[in-house]
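Hi,

Here is the structure I promised to pass on. Please load it first, then read my notes below.

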Amino acid sequence: AVYRSWNRETPVARMRSDWDAAFAGCAVPVSCRAISAGGVDGDWIVSADAASGKAILYLHGGGFRLGSVASHRDLIARIATASGCGVLAIDYRLAPEHRFPAALLDAVAAYAWLRGQGLEPRDIAFAGDSAGGNLVLTAMLILRDRGEPLPAAGVLMSPWTDLAATGASYQSRAAADPIHQRSMILALAKGYLGEGGDPQDPLASPLYDDLSGLPP
């Protein structure tokens, strides 16, 4: 696995390039067009039979430190093909260079951009994995709290909802999990939040918020 060659001295830039190289590629026939969505770089990914007037905003995983549209392109292409919708996938700003709430603000800006293209909220869904699943939830929470129209739905794939890493399985399943050790999770959380950041801030860890009023 790509991460086996990393250690505490491995630069973040190398981790990102290793990660993208390991998972880059796309086996699904789609068209990809680079765009700037409200100042946020991204790709518009569509299948040949995509319906117009409907879209998915996709937010990739990677612990807020790694990952990109490139590393998730095959997954995004499969979602585009299965849903028949165009997918806007964004390269939101990553930590530690850009700490909370930079990534969240980029997600909200991309949603505003989609609406600015003439799409109605009811014709937009959010989707994301891991840290991207966190952003799906937190973006909907900030929109709800601002009184802004919410998307039609949110799709969460293994969402990272608790940056405090309080789940019992961090201990009970530690020996069986080759990646998600609590120390690593807390280090990623610290990189995102910065020194003194609150891992139980609901806009960083949606586990600690009331999710009432959100779409399905």
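Alanine 51 stands opposite cysteine 85 in E4. Strand E3 covers residues 51-59 and strand E4 covers residues 85-90. The two pair in the parallel sense, over 6 bridges. Please keep in mind that this is a predicted model.

Now the whole sheet. It is open and holds 6 strands. Their order is E1-E2-E4-E3-E5-E6. The pairing is mixed. Which strands sit at the edges? They are strand E1 (31-37) and strand E6 (153-157), each pairing on one side only. From one strand to the next, the twist averages 25°. As background, strands of a sheet pair through backbone hydrogen bonds, and the sense is either parallel or antiparallel.

Next, lysine 190. This residue is found in helix H6, which spans residues 182-193. Is lysine 190 buried, exposed or partly exposed? Its relative accessible area is 45%, so lysine 190 counts as partly exposed. The cut-offs are under 20% for buried and over 50% for exposed.

What does lysine 190 touch, leaving out residues up to four places away in sequence? The contacts are Arg99 and Glu195. With glutamate 195, the side chain of lysine 190 makes a polar contact of 3.1 Å.

One distance to finish. Lysine 190 and histidine 72 are 118 residues apart along the chain. Their C-alpha atoms are separated by 24 Å.

Best regards

How values were computed. Residues numbered from 1 in each chain as written. Predicted model: local features only at pLDDT ≥ 70, side-chain atom pairs only at ≥ 80, totals over all residues. Heavy atoms only, no water. Helix = DSSP H or I, 4+ residues; strand = E, 2+ residues; numbered from the N terminus. Buried < 20%, exposed > 50% of the residue type's maximum accessible area, 1.4 Å probe, protein only. Contact = heavy atoms within 4.5 Å. Polar contact = N/O pair within 3.5 Å; in protein donor to acceptor, adjacent residues only side chain to side chain. Pairing = 2+ DSSP bridges. Axes fitted to C-alpha atoms, helices over the stretch in contact; angles between N-to-C directions.
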